[in-house]
Amino acid sequence: MDSAFHIEIGGEILFRPRAETEIILRYEAERHLREGYSTGTYSDRAKINEILQYQFGYYHAVISTEMEKLASADLLRCILDQYDKATAIEFEAKANALTYDERKYWSEKGPLIRRSLKHIAELVAAKGLKKHQDTPRPSLLLGLETICVCGEMLVHLYILSDQTYGIHPDQTTFKILPEGGEIYWDLAIEHPKQFEDFSRRVTADRNVRDNFLIGKQPNVDTAFQSRILNSICEQELGFSYQTAVDTLVEITDGVQCAPNDFDVPVTSRSSVLDWLRIERGWTAKAAELLLDGFTVLFDRASAEGRQVWKPKREYRPTRRGFLELTHETGHHLAWSRRMARECLLLLRDGTIFQRFPREWRTSSTNRALGQLQNAAGKWFENEVDRNLQRAGILGRASLKKKIGVGDTSIQIPGDIGEIDFLGYLPNEALIIVVECKMVDAGHEPSLIRDDISKFAMGDKCYAEQLRRKFDWVQNNIGPISRSLRTIIPNLPAIEPQRVAGALVTLYPTYASYFIPDFPCVSLSELMTGIQELNKWPYVDGVISISSH
């Protein structure tokens, strides 16, 4: 590849647009913005979102024009090959194997590059299987540069729009700067350090989480999931859940490509179906269901309104690793091996939270998914219980209807609900109320917005659930202390002076910044804090109590 069009990072050669191409597109985008809006500062969230969508429309129009000229099977394979390389760089970054300069560049550019390549692959695949058009090499490279620049700006603007409209709608300003400067617009969020802090927390949690868990997490443990799903999937779909995962891995890795070419499989769908039927003995119906459940089917994607800013849509290459290509000779499948592997991991992860391919859903599999989510929640409560007990917090998990035994037991009112963990830290005379939530890790703005809603908004949010339980414990501290003592062995007395509450999750959640009165932390954050301070590590959510 011409050295002017690439950069080497972590030993991988990645196509990158030239600076002059980015400058040309930047000036065209600036002209477009100034045609629609005046220089000045905008603080109304609806107006900010309107401006961002206006610019989004510009880049979408440019990339659509280039797609009409360049979309082909060859372009798709090139883009998917670039995604494989970008993912290899991401692995190197997570392993801390990049140089300082490479790490700095990738931390800024890497997320946009990977997400835009995935979006570009969707756009190309949606055009169907076409031969590469006879385009002169300079025009081809310029078109590819334009597609990459626009793809990255589309992702960038979508993220900014969602952050503005859904996460910090009242703390954002958008400035259109005077002409002549290097930067012509700027978007500022009042609490930008929260994003930096959250990124730091996510990394720290990932690095130490395994220290506090026994065995695999259920969302990455196929065996855990299979114990509940295998038989019902076999009965309803014609294949077990474990077999589905194993077979999709075999297809992803097994299809060979021509030597000295992109290692990106493009194969007829019928050939994969034939292999499943003839070589593996699958029924035709089961084979169809397997592939349909792991394929981005573009007729269905169009029907549900596929857009880059709608990551929760069913037919996206998030939990579906194969891209469908239409052609007059029949349907084909294309995939990046690393992307398909990622999608399979996300499929497995989402299964715990009842995100299952639509094609695999029946009333029976839906019930099994509910049972699986309950089992995973119970696993997490047990892990929280085990860790808190090891830290010297004596108590019980899953208190459903009452606390204690015998005459001193106390009933838990129905409107209070199950208390996930209630314990006592003797050396601090501290009663601790914990609400456990094994929720998914949401990093997309729209998923963060969902977390904020579930954790911090409305009368039924998780924070309100904790508040009700905390207030009930505080108001009944005397009888609760006496009843708790009957189920904690070898404890002569419970004489609390304070009560603490906390929301504990498997992963850090951005929603924690919207809960001012209690800590909302991952299990690893909680336990790391206890170990470092050798005490309950939070001031928020702790109150002193009067004598009882």
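Which residue forms a salt bridge with Arg-386, and how far apart are the closest N and O atoms? I looked this up before anything else.

**Entry 1. Ground rules**

I am working from a predicted model, in which local features need pLDDT of at least 70, side-chain atom pairs count only at pLDDT 80 or more, and totals for chains, interfaces and linings use all residues. Residues are numbered from 1 along each chain as its sequence is written, and side-chain values use heavy atoms, with hydrogens and water left out.

**Entry 2. Salt bridges**

The partner of Arg-386 is Glu-383, with the closest N and O atoms 2.7 Å apart. I took a salt bridge to be a side-chain nitrogen of Lys or Arg within 4 Å of a carboxyl oxygen of Asp or Glu. Both residues sit in helix α13 (residues 363-390), three residues apart, which is about one turn of the helix. Helices here are DSSP runs of H or I with at least four residues, strands are runs of E with at least two, and both are numbered from the N terminus. Glu-383 is buried, at a relative accessible area of 7%. For burial I used under 20% relative accessible area as buried, over 50% as exposed and anything in between as partly exposed (1.4 Å probe, protein chains only).

I then searched the whole structure and found 34 salt bridges. One of them joins Arg-337 to Asp-263, with the closest N and O atoms 2.8 Å apart. Arg-337 belongs to helix α12 (residues 337-351) and Asp-263 to the loop between α8 (241-254) and β6 (266-268), so this pair ties together parts that are 74 residues apart in sequence. Arg-337 counts as buried at 12% relative accessibility, and Asp-263 is partly exposed at 40%.

Asp-451 and Lys-454 also meet in a salt bridge, at 3.8 Å from N to O. They are three residues apart in helix α14 (residues 445-456), about one helical turn. Asp-451 is buried, with 5% relative accessible area, while Lys-454 is partly exposed at 36%.

I also noted a network of salt bridges that links Arg-18, Glu-20 and Glu-145. As background, side chains of opposite charge can pair when their charged atoms come close.

Which way do the side chains of β8 point? In this strand (residues 322-325), Phe-322 and Glu-324 point one way and Leu-323 and Leu-325 the other, and all are buried. In a regular strand the side chains alternate between the two faces of the sheet.

I checked the neighbours next, counting two strands as paired if DSSP finds at least two bridges between them. Strand β7 (residues 295-296) pairs with β8 in the parallel sense over two bridges, and Val-296 stands opposite Leu-323. Strand β9 (residues 332-334) pairs with β8 in the antiparallel sense over three bridges, and there Leu-325 stands opposite His-332. The hairpin of β8 and β9 has six residues between the strands, and Gly-330 takes a positive phi near 125 degrees in it.

**Entry 3. Aromatic pairs**

How many aromatic pairs does the structure hold? I found 17. Rings of Phe, Tyr and Trp (its six-membered ring) pair if their centres lie within 6.5 Å; planes under 30 degrees apart count as stacked, over 60 as edge-to-face and the rest as tilted.

Phe-294 and Phe-322 have ring centres 5.0 Å apart and planes at 85 degrees, so I logged this pair as edge-to-face. Phe-294 lies in the loop between α10 (284-292) and β7, and Phe-322 in β8, so the pair ties together parts that are 28 residues apart in sequence. Phe-294 is buried at 0% relative accessible area, and Phe-322 is buried at 0% relative accessibility.

The rings of Trp-536 and Tyr-538 have centres 5.9 Å apart and planes at 80 degrees, so that pair is edge-to-face. Trp-536 is buried at 4% relative accessibility.

I also listed one aromatic cluster, made of Phe-195, Phe-198, Tyr-510, Tyr-513 and Phe-514.

**Entry 4. The β3-β4-β5 sheet**

Three strands form an open sheet in the order β3-β4-β5, with antiparallel pairing. β3 (40-42) and β5 (185-189) stand at the edges with a single partner strand each, so one side of each is left without a neighbour in the sheet. Strand β4 (residues 172-176) pairs with β5 over five bridges, and Ile-176 stands opposite Trp-185.
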